[in-house]
Amino acid sequence: MVLSHFKSDAIHRYTYLVSFLTCIIALPILWLTHCRSAWIAVLAIISYSIYSRFSISFRWGISTLITIALLSCLLYQFKPASADGRILIWKVTAQMIKEKPFTGFGPHGFTANYMHYQGEYLKKEGSIYEKQLADNNHYVYNEPLRWTVEYGVVGLLLYIGILYCIFSYKKREIQSLSAQAIYIAGLTWGLFSYPDQTFPILAVMTIALAEMSNRQRECVIKQLPHKYIFLKAVIFLAIAGQGSLLIKMFQCHRELYQISHRTSNQSPEEIMTNLSLLETAMKNETIFWPYYCHTLYKLQRDSILLDKITYWEQLYPSTHTYILKGDALQRTDKIKEAEAAYWTAHFMVPSLQKARYKLALMYYQQKRISKANRLANEVLTEKVKVYGFETYEMHRELRRIFEDQLK
């Protein structure tokens, strides 16, 4: 697509041939991914290449817009439920932005807060269809919205500034146009997906941005001649420090992996000791707290679990967080708190039945039979979003316990 910016006699013909053969081979693979965001990104590069290479008349411009609209409708029909799920996420995200439009929620603020906002929205005003669509989610599927949620108006302005820098870049060289095309694809993909969570995409986009910056290095050096060596030293120290931190974090992740695979050969005390040693280094790692809390749950260390699960709640809340918390609270006879935790889990993702299953059993044990019967009947008669072995076990248990009441 980059080569289409140039006339055929400006580039060696073998380069043209290899490039277009590569595209032809890659397109079927792209189709098999079923990733609509990637398809839209490719269409964006094609459209931008055509616009940059040729003089487009008004008639052709209107035709292009109509074609894009038709293609958008076809892509929506390809997986409509997925698209509607994104619309639900964006609707809830808009409420988050409305609450903190200027300051935002800070780095990783979306991940830490979205599920609570989704639960409140579905509890108060969500439609039946939206409740069926909702799931445990920690992605915005839209980078401008993510930047605005986490950094407020400043984040949105920074995003717009990056767009301006990319599209105002005028140099027409192979390297420059390649970098520009990569960034346009990444930014387009980021309107419907989550490139911030995909390391290869981030790495390629960083290289592209560095290439575009490098093409303007003479201007940068001219403006800051006396600080150039100092800046190089600062950047080197920053890279060295970041590399040291990455190596340390890699070692912690490796140790966590080894602990998870040595559980059969270790006593519970050894497991807890090893996990405690990692706690300080991995306190901000979302992968650590779910595993740590599940281990505490299996060992029935409920008092420690209730203390540690707050970190899980702050970093990566989900229905699993509050169901686990509800079980621990129930085992420690904190019934009201357990009930609140189960209901929080339910409202976050109403289509999942486990929270109501737990509530039905708890109400039955407390002799609150009418509430238990209502929830059991609801769970057994409603349409199940994903029917698996866990759902089968829950239904079988409810039928066994409430067999007489549900007849």
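**Note on the structure**

1. The chain has 19 helices and 0 strands; helices (H or I, at least four residues) and strands (E, at least two) are DSSP runs, numbered from the N terminus. This is a predicted model, in which local features need pLDDT of at least 70 and side-chain atom pairs count only at pLDDT 80 or more, while totals for chains, interfaces and linings use all residues. Residues are numbered from 1 along each chain as its sequence is written, and side-chain values use heavy atoms, with hydrogens and water left out.

2. Of the 407 residues in the chain, 36% count as buried (buried means under 20% relative accessible area, exposed over 50%, partly exposed in between; 1.4 Å probe, protein chains only). Among contacts between residues at least 6 apart in sequence, 62% join residues at least 24 apart; contact means heavy atoms within 4.5 Å.

3. Glu339 belongs to helix α16 (residues 335-348). With a relative accessible area of 17%, Glu339 is buried. Leaving aside residues up to four places away in sequence, Glu339 touches Leu359, Met362, Tyr363 and Arg368. The side chains of Glu339 and Tyr363 are joined by a polar contact of 2.5 Å (a pair of N or O atoms within 3.5 Å; within protein, one must be able to donate a hydrogen and the other to accept it, and residues adjacent in sequence count only if both atoms are side-chain atoms).

4. Lys371 lies over the face of Tyr363, 5.6 Å from the ring centre. A charge sits over a ring if NZ of Lys or CZ of Arg is within 6 Å of the ring centre and within 35 degrees of the ring normal.

5. The whole structure contains 13 aromatic pairs. Rings of Phe, Tyr and Trp (its six-membered ring) pair if their centres lie within 6.5 Å; planes under 30 degrees apart count as stacked, over 60 as edge-to-face and the rest as tilted. Tyr141 and Tyr194 form an edge-to-face pair, at 5.4 Å centre to centre and 75° between the planes. Tyr141 lies in the loop between α6 and α7 and Tyr194 in the loop between α8 and α9, so the pair ties together parts 53 residues apart in sequence.

6. Tyr364 and Phe402 also form an edge-to-face pair, at 5.2 Å and 70°. Because Tyr364 lies in helix α17 and Phe402 in the segment after α19, this pair ties together parts 38 residues apart in sequence. Phe402 is buried at 0%, whereas Tyr364 is partly exposed at 31%.
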